[in-house]
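Please look at the sequence and the structure shown below before reading on. The report after them is written for a reader who is new to describing proteins.

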Amino acid sequence: MITGEIKNTIDKIWDTFWTGGITNSITILEQMTYLFFMKMLDDAQLKKEASASILGVAIKDAVFKEGNWKNPETDREVPYNSLRWHVFKNIDATAMFNTVRMDVFPFIKNLNTGKESAYARYMGSAVFMLQDARTLMKVVDSIDTLDMNNRDAMGDVYEYVLGKMAASGNNGQFRTPRHIIRMMVEMMKPTLKDEICDPAMGSAGFVLESAKYIQEHYKTELLKKELGERFRSGMFHGFDTDATMLRIGAMNLMLHGVDNPDIEYRNSLSTSNTDTNRYSLCLANPPFSGSVDSEDISKSLLSITNTKKTELLFMSLFVRMLQVGGRCASIVPDGVLFGNSNAHLALRKEIIDNQRLQAVISMPSGVFQPYAGVSTAILIFTKTNAGGTDKVWFYDMTADGFTLDQKRTECKENDIPDIIARWNNLEAERNRTRKDKSFFVPVNEIQDNDYTLSINKYKEIEREVVEYEAPEVILGRLESAEANIKNAFDELRKMLEE
């Protein structure tokens, strides 16, 4: 969780951008990310240099090399050392502004020049927006206090910044709470054999968390050249229609060792997306009630559910994109679970009858505060094209470790560890009752209830028997109370008359 000190630092940076004339939230995030990236590159190399010095060896794959770098935009040669954060932060404001704008920013834009990579593609159109030296100096001074080598802390920073964007009413669709993403990734357990895709990637949270999970669980295997190369290039896929988020996602992934992910500008629901039977794992929080060009919707999606609702179309897309045997975990609005339109029913029939629906995790409405109070759930299914749903595991999440109000402060109540533990031992769930937080429901019962997947349809509510007093006893007490009040008024009136 972000500390008060870091929170104050980010608030200060945010305010500095505003007073400097940059008021669009997504632009602030983008410009902040560029500067984070500059410091991360230098901090990472300083750490490598310290280790190499102790061992008495040269560092490998240095970003800042010996000698000069030729700026392709000005054809000027500048010392690599002048491009480093710990160097330019100490020069005067005007010189720093000119160095960052004229040299450092072009340097990070051209880091992967000569390589066909997502980073090179999307950084090519990046623009440095800060317009004055004083604003840059203030922002650099604030960022300098952040520890860029602490990946968990930087993850908290990013989530807080995305939360500020959401609270201001801009780009809230890009933010899925990081602990919810982590829970979904831990449930799906990605491996080095997977082809992982988020077709509505936003800031690449699901892709990034999957990469971190694999780094944590397959450290030894990643040392092998072939597997390490596959991890860096070809294993991760993400699509979005916002070039800014693609840039931010590419920078994030590059900093986590994924040098060349398959990240593309693409409307995933359109006819231009032809991915079929391609991925083994899809993780996503697709847009709810998003706008869509009905004439450009892929016909293969409409064949599953004839609708313009993006939440239903994305579920159809997962079915199409997955390989047979591929798994999907997706956040959906509650309406997907019980909507009674033909499109809603067709989608649920597809996942239950033709694929293998495994779990429905109902989440409390406060999970997406402060910018949305919508109730959501997580659907987990495996593509089979031959059915296979025999029973579905339901879990009623009531707490996620944070208060469910606008403030979303950390608290003790948290179902996430229990969800992961029970998911990893589903055999023990067979004896759970409908009064428990989690239980199985047989598929025939779901089919008999119009394929409804709302947990409230199946949960047994235990009601306490309350015995009330007889009406005549209650009336007698009321009459007695009324008489006492009348006597009190009579006594008060006598006192006033004396």
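## The model and its confidence

This is a predicted model, in which local features need pLDDT of at least 70 and side-chain atom pairs count only at pLDDT 80 or more, while totals for chains, interfaces and linings use all residues. Residues are numbered from 1 along each chain as its sequence is written, and side-chain values use heavy atoms, with hydrogens and water left out.

The score pLDDT is the predictor's confidence in each residue, from 0 to 100. The protein chain has an average pLDDT of 88, and 91% of the residues score at least 70. Over residues 169–174, however, pLDDT stays under 50, and for this stretch the model has 12 contacts beyond four places in sequence, where contact means heavy atoms within 4.5 Å.

## The sheet

Helices (H or I, at least four residues) and strands (E, at least two) are DSSP runs, numbered from the N terminus. Strands of a sheet pair through backbone hydrogen bonds, either parallel or antiparallel; here two strands pair if DSSP finds at least two bridges between them. Nine strands form an open sheet with mixed pairing, in the order β5-β4-β3-β6-β7-β9-β8-β10-β13. Its edge strands, each pairing on one side only, are β5 (260–265) and β13 (438–442). Inside this order, strand β8 (residues 356–363) pairs with strand β10 (residues 391–396) in the parallel sense over four bridges, and Ala359 has Trp393 of β10 as its bridge partner.

Helix α11 (residues 243–255) lies across β4 (233–240) and β5, and runs at about 175° to β5. Helix α13 also packs on the sheet, where it touches β3 (196–198), β4, β6 (279–284), β7 (322–333) and β9 (376–382), and its direction makes about 165° with that of β7.

## Helices that pack together

Two packed helices are described by the angle between their axes and the distance between the axes. Helix α2 (residues 25–55) and α11 pack at an angle of about 20°, with their axes 10 Å apart, and α2 and α11 are therefore roughly parallel to each other; angles under 35 degrees count as roughly parallel, over 145 as roughly antiparallel, 65 to 115 as roughly perpendicular and the rest as oblique. Among the residues that make this contact are Phe37 of α2 and Met251 of α11. By class, the contact of α2 with α11 has 10 nonpolar, two polar and two charged residues, where Ala, Val, Leu, Ile, Met, Phe, Trp, Tyr, Cys and Pro count as nonpolar, Asp, Glu, Lys and Arg as charged, and the others, Gly among them, as polar.

Helix α2 also packs with helix α6 (residues 133–143), at an angle of about 50° and with the axes 11 Å apart, so α2 and α6 are oblique to each other. This contact is made by Leu35, Phe36 and Lys39 of α2 and Leu136, Val139 and Ile143 of α6.

## A residue in a loop

Gln406 is found in the loop between β11 (400–402) and β12 (410–414). Although Gln406 and Gly366 are 40 residues apart along the chain, their C-alpha atoms are separated by 7.9 Å. Leaving aside its neighbours within four places in sequence, Gln406 is in contact with Gln369 and Pro370.

Conventions
Axes are lines fitted to C-alpha atoms, for helices over the stretch in contact, and angles run from 0 to 180 degrees between N-to-C directions.
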